[in-house]
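Me: I have a structure to go through and I am new to it. Can we take it in short questions?

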Amino acid sequence: MPGAPSHSGGTMAEDREELLRHYRAMREELLAAIADLSDALLTEPSLDGWSVKDHLAHLAVWDDIRASEVVRISAGHDSAWRMTGDQDAVFSALATDLQRAWSLEQARWELETSRRRLLDAISSATVRGLDPSLYGEAGLRSLHEAQHTGWIRQWRTGKGM
């Protein structure tokens with residue numbers, strides 16, 4: 001039952017519907033921030049060395065990780081993603097390097113597919129899976145996407161768009 005106390009960490013479980021609304025709203029904001037950008041602008045590496053496509057790919061990887069964590073923790077297992085700050089930086093750099101080869105089409109597909117996986121995982125999560133105290137770096141509720149959306153908006157403003 002959403003909102004019921006967790007039996008594992010003693011904290012309150014996230015409200016499932018609120019968490020789903022949170023992730024849907026963040027995605028709407030991201031998509032609004034990139035809606036009218038041309039393919040050339042989406043792939044231009046002028047956003048602090050990243051392209052918008054790189055940001056989309058980065059967010060997709062973290063959605064996949066978060067979805068796997070919800071499934072894993074719901075099954076009664078421990079987080080697989082407890083990292084130090086240094087480990088997070090190394091992982092993010094490696095993942096970004098590997099994803100730069102993705103086409104814009106693949107980055108868009110990954111973004112859509114990974115979000116669907118995350119929403120499906122949250123929809124079927126157990127009370128344990130909704131306990132935010134059990135998560136590592138890929139926390140259950142994240143503002144990561146909003147942060148990237150903000151950077152994209154700043155980049156657009158700097159380019160006069």
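Reply: One term before we start: buried means under 20% relative accessible area, exposed over 50%, and partly exposed in between, with a 1.4 Å probe and protein chains only. By that rule Ser-51 counts as buried, because its relative accessibility is 2%.

Me: What kind of model is this, and how are residues numbered?
Reply: This is a predicted model, in which local features need pLDDT of at least 70 and side-chain atom pairs count only at pLDDT 80 or more, while totals for chains, interfaces and linings use all residues. Residues are numbered from 1 along each chain as its sequence is written, and side-chain values use heavy atoms, with hydrogens and water left out.

Me: Back to Ser-51. Where is its place?
Reply: Ser-51 is in the loop between helix H2 (39–43) and H3. Helices here are DSSP runs of H or I with at least four residues, strands are runs of E with at least two, and both are numbered from the N terminus.

Me: Which residues does Ser-51 touch?
Reply: Leu-42, Thr-43, Glu-44 and Pro-45, leaving out residues up to four places away in sequence. Contact means heavy atoms within 4.5 Å.

Me: Zooming out, how many helices and strands does the chain have?
Reply: There are 6 helices and 0 strands. Along the sequence the pattern reads α-α-α-α-α-α.

Me: What share of the residues is buried?
Reply: Buried residues make up 47% of the 161. As for contacts between residues at least 6 apart in sequence, 78% join residues at least 24 apart.

Me: New topic, charges. How many salt bridges are there?
Reply: The structure holds 17. A salt bridge is a side-chain nitrogen of Lys or Arg within 4 Å of a carboxyl oxygen of Asp or Glu.

Me: Why would such side chains pair at all?
Reply: Side chains of opposite charge can pair when their charged atoms come close.

Me: Which residue does Arg-21 form a salt bridge with?
Reply: Glu-18, with the closest N and O atoms 3.4 Å apart. Both lie in helix H1 (residues 16–34), 3 residues apart, about one turn of the helix. Arg-21 counts as partly exposed because its relative accessibility is 48%, and Glu-18 does so at 32%.

Me: And what is the partner of Arg-153 in its salt bridge?
Reply: Glu-29, the closest N and O atoms being 2.9 Å apart. This pair links distant parts of the chain, with Arg-153 in helix H6 (residues 144–158) and Glu-29 in helix H1, 124 residues apart. Arg-153 is partly exposed at 37% relative accessibility, as is Glu-29 at 42%.

Me: Which residue does Asp-64 pair with in a salt bridge?
Reply: Arg-117, with 2.5 Å between the closest N and O atoms. Asp-64 sits in helix H3 (residues 52–74) and Arg-117 in helix H5 (residues 104–123), so the pair links distant parts of the chain, 53 residues apart. At 24% relative accessibility, Asp-64 counts as partly exposed, and so does Arg-117 at 37%.

Me: Which residues do shared partners join into one network?
Reply: Arg-27, Asp-63, Arg-66, Arg-115 and Glu-145, through salt bridges that share partners.
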